Amino acid sequence: MERFGGPEVLRPAEVPAPDPAPNEVVVAVEAVSINRSFDLLVRRDGNNRNIVLPHVLGADPAGTVAAVGDDVDEFSSGDRVAVSSTIRCENCRECVDGDEAACRAPVMIGVHRWGGYAEQVAVPAASAHRIPDGISAADACVVLRHAPAAYNQLIDKAALRPHEWVLVMGAAGALGSFCVQVAKSLGGQVIAAAGSDSRVEAALALGADRGVNYRAENLAEAVRRFTGGEGADVVCENIGDPLLWDGAFDSMAQRGRLVTMGAHGGGKVSLDVRKLYSKRLRLIGSAGVTEKNTEDSFSAAARGDLVALIDSVHPLEDAAAQHRRLEEDRSAIGKVILDPTMAA
Ligand SMILES: [Zn+2]
């Protein structure tokens, strides 16, 4: 893209193939997903992220290593890798403290440097992760992009214990679908909440124990009914919609924990402080992931415990058309993937 604007600013262009700098690898891209925040919002107006034009979108490429730079020992040409989007700064107080998930000034692939809407992309070798055998590039791309955040929310932030009830909002969404599966794999009992019956069905198919359509039913009442009157011990909220927040908040059990890292629903909500303290609730902001979260995700995917919801796969030339479709229609279940090796 040479300017910001509508989907039409995404145009195929010939540019020189990337040369790997020291400690970088060049990945021949076989899959990259279309993200709402990193792709649609950045394309529209830059999303206040200091984008330098011309720019190539694509936060989470996966494919095959085509070249390695100096000082790269861990990869060689032909290795299959998926790339995590966040490059830690290693300088901020959080990085120096060793709080991997909390870097305050990360560089994002496809945002602050050219990304994976391309046949090839150069990335730091430290951002590349070997894809376990038997997992497609598209699956690896989606797992690496979203599953580590589910592990971070449920283990590092909410400290989920076996048999606790977990309410997952947006349970058929990119993050929500992994929250359902990770919570189940950790022994939780999962209530899948979503905004349509078909999305509730999709989340139940991933293993959720109960489902509720929060646009058709009183969410907190349904959660109390499912949990013997107690409520959910953990809520994966991740929407930030003022119309949905109260239902999620009121669904919490005594000493409940609500974790969130999303604001697609607007981001400004009202807070019942009296309930917050009288029920000893905790609200936990959760962005960023650790290496352990990533390892756990690929291990679970290799075991067959994580299914990536994929709507469809398209040639790279269809990027503009697919951006347009995603802007006009939010009903797709699963990620839309671009595959630069696919003929237009
Ligand atoms: Zn940092």
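Which residues is C141 in contact with, leaving aside its neighbours within four places in sequence? I looked and found A31, V32, S33, D60, P61, A62, A82 and I337.

**Ground rules.** I count residues from 1 along each chain as its sequence is written. The model is predicted, so I noted that local features need pLDDT of at least 70, that side-chain atom pairs count only at pLDDT 80 or more, and that totals for chains, interfaces and linings use all residues.

**Core.** I next looked up the largest nonpolar core, which has 102 residues. A nonpolar core here is a set of buried Ala, Val, Leu, Ile, Met, Phe, Trp, Tyr and Cys residues joined through C-beta atoms within 7 Å. C141 is among the members that touch the most other members, along with V27, L167, V168, I191, A192 and A193. Helix α3 (residues 137–157) gives the most to this core, with 12 residues. The core draws at least three residues from each of domain 1 (7–130 + 309–339) and domain 2 (147–285).

**Burial.** I call a residue buried if 20 or more other C-beta atoms lie within 10 Å of its own, exposed if 12 or fewer, and partly exposed in between, with C-beta atoms placed from the backbone. Of the 344 residues, 47% count as buried.

**Overall form.** I found 10 helices and 15 strands. These are DSSP runs numbered from the N terminus: helices are H or I, at least four residues, and strands are E, at least two. The radius of gyration is 20 Å, close to the 20 Å from the globule rule for 344 residues, so the protein is as compact as a globular protein of that length. That radius is taken over C-alpha atoms, and the rule is 2.2 Å times the number of residues to the power 0.38.

**Domains.** The bounds come from an automatic or database domain assignment. The C-alpha centres of domain 1 and domain 2 lie 29 Å apart. Their contact takes 5 residues from domain 1 and 8 residues from domain 2.

Most residues other than glycine have a negative phi, and most peptide bonds are trans. I therefore noted the exceptions. A cis peptide bond joins L53 and P54, with omega about -5°. P54 lies in the loop between α1 (36–45) and β2 (62–68). N47 is in the loop between α1 and β2, and its phi is near 55°. N47 counts as partly exposed, with 16 C-beta neighbours inside 10 Å. A159 has phi near 50° and is found in the loop between α3 and β8 (165–168). A159 is exposed, with 11 other C-beta atoms within 10 Å.

How values were computed
Two residues are in contact if their C-beta atoms, placed from the backbone, lie within 7 Å.
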